[in-house]
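Please consider the structure shown below. The paragraphs that follow lead from the contacts with DNA to the meeting of the protein chains.

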2 protein chains.
Amino acid sequence: MDILWAQSAPLTAREVGRLIQDRDLAPTTVMTVLDRLSRKGFLNRTRDGRAWRYEPAESRDAYVTELMLEALDLTGDRSAALTRFAQAVSGSEAEILRRALMELEEQ
Amino acid sequence: MDILWAQSAPLTAREVGRLIQDRDLAPTTVMTVLDRLSRKGFLNRTRDGRAWRYEPAESRDAYVTELMLEALDLTGDRSAALTRFAQAVSGSEAEILRRALMELEEQ
DNA sequence: TGCGCCCCTCTACGGCACGTAGTACTACCC
DNA sequence: GGGTAGTACTACGTGCCGTAGAGGGGCGCA
């Protein structure tokens with residue numbers, strides 16, 4: 001669903017329907033979905049003539065980060081969960097994290 | 001729902017019902033919920049006489065980690081998402097992450 | 001100036017998960 | 001044997017999601 005959306009970065013209107021021909025959906029279906037997504041704050045819409053132009057409210061990475069923080073909130077012991085998470089990511093990803101944290105520290 | 005569960009660590013049976021008196025649920029309600037959770041793999045059950053004894057399949061932290069990794073899978077650019085995540089956590093949490101990664105490196 | 005097309009909004013319907021619970025069966029204890 | 005406790009099976013309301021149809025209103029072209 002929003003996968004289709006997060007995929008193509010630029011903003012668009014009901015040409016979204018044309019971008020997903022694989023499942024041949026009724027035009028109204030696409031509209032309804034976009035409408036519901038914008039209603040829930042995942043998408044922003046702006047007028048363009050009589051049509052709407054939709055745009056992701058957040059970047060995909062921001063959304064993912066939000067989800068991760070949300071998951072983190074579920075635990076009683078954030079420190080333990082973070083430690084475990086650090087151990088769970090792959091070596092190369094640990095390296096990426098390490099670098100990002102390093103840069104943070106420098107500021 | 002599983003909040004109640006993840007809370008009390010030890011394994012138990014339908015005394016769970018007694019542990020949550022605040023919302024006075026019918027005993028069968030608690031049973032159904034536990035049953036459905038075990039069916040979905042969140043809980044393990046073992047026989048104890050004619051009763052079942054339920055036990056979290058995973059620790060809460062393991063579950064949280066799993067959720068976080070799952071969120072991470074949603075992105076196309078894991079590296080960017082991880083970097084962003086590192087920047088999003090609080091300072092003290094960044095420190096925890098840093099330490100966990102340090103220990104990893106030593107091994 | 002009227003007809004058709006495009007896009008919108010509103011409404012709907014089936015499916016599924018979830019929270020809640022009732023009923024019916026069974027085994028144990030006194 | 002009857003009360004109690006525990007189980008399995010079934011059910012109902014609600015809310016979300018994917019899908020879509022019906023109807024209204026501009027805009028452009030003949």
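How far from a phosphate oxygen of DNA strand C does a polar side-chain atom of B:Thr29 lie? The distance is 3.5 Å. The model is predicted, so local features need pLDDT of at least 70 and side-chain atom pairs count only at pLDDT 80 or more, whereas totals for chains, interfaces and linings use all residues. Residues are numbered from 1 along each chain as its sequence is written, chains are lettered from A and ligands numbered from 1 in the order in which they are written, and side-chain values use heavy atoms, with hydrogens and water left out.

A residue is near a strand if one of its heavy atoms lies within 4 Å of it. There are 20 residues around DNA strand C, of which A:Arg14, B:Met1, B:Thr32, B:Arg36 and B:Lys40 come nearest. A polar backbone atom of B:Ala26 is 3.1 Å from a phosphate oxygen of DNA strand C. B:Arg36 reaches a base instead, with a polar side-chain atom 2.3 Å from a base nitrogen of DNA strand C.

Secondary-structure elements are DSSP runs numbered from the N terminus, helices being H or I with at least four residues and strands E with at least two. Helix 3 of chain B gives the largest share of the surface near DNA strand C, five residues. At least two residues each come from helix 3 of chain B and from helix 3, strand 1 (43-48) and strand 2 (51-56) of chain A. In the classes used here, Ala, Val, Leu, Ile, Met, Phe, Trp, Tyr, Cys and Pro count as nonpolar, Asp, Glu, Lys and Arg as charged, and the others, Gly among them, as polar. The surface near DNA strand C has nine charged, seven nonpolar and four polar residues.

DNA strand D has 21 residues around it, and A:Met1, A:Thr32, A:Arg36, A:Lys40 and B:Met31 come nearest. Sugar and phosphate make up 53% of the atoms of DNA strand D that come within 4 Å of the protein. A phosphate oxygen of DNA strand D lies 2.7 Å from a polar side-chain atom of A:Lys40, and a phosphate oxygen is 3.4 Å from an N or O atom in the side chain of A:Thr29. Helix 3 of chain A supplies the largest share, five residues. By class, the surface near DNA strand D has 10 charged, seven nonpolar and four polar residues.

How are the two protein chains related? When copies are superposed by least squares on the C-alpha atoms of residues with pLDDT of at least 70 in both, chain B can be laid on chain A with an RMSD of 0.1 Å by a turn of 180° and a shift of 0.0 Å along the axis. The two copies are thus related as by a two-fold rotation axis. In chain B, the C-alpha of B:Met68 is nearest the axis, 2.4 Å from it.

With contact taken as heavy atoms within 4.5 Å, 36 residues from chain B and 36 residues from chain A take part. The copies meet through the same surface, because 100% of the interface residues of chain B are also interface residues in chain A. Between them the chains bury about 3,600 Å², 71% of it on carbon and sulfur atoms; buried area is the accessible area (1.4 Å probe) that two parts lose on being put together, summed over both.

A salt bridge is a side-chain nitrogen of Lys or Arg within 4 Å of a carboxyl oxygen of Asp or Glu. Two salt bridges are found across the interface of chain B and chain A. A:Glu93 pairs in this way with B:Arg78, the closest N and O atoms being 2.5 Å apart.

How values were computed. Polar contact = N/O pair within 3.5 Å; in protein donor to acceptor, adjacent residues only side chain to side chain.
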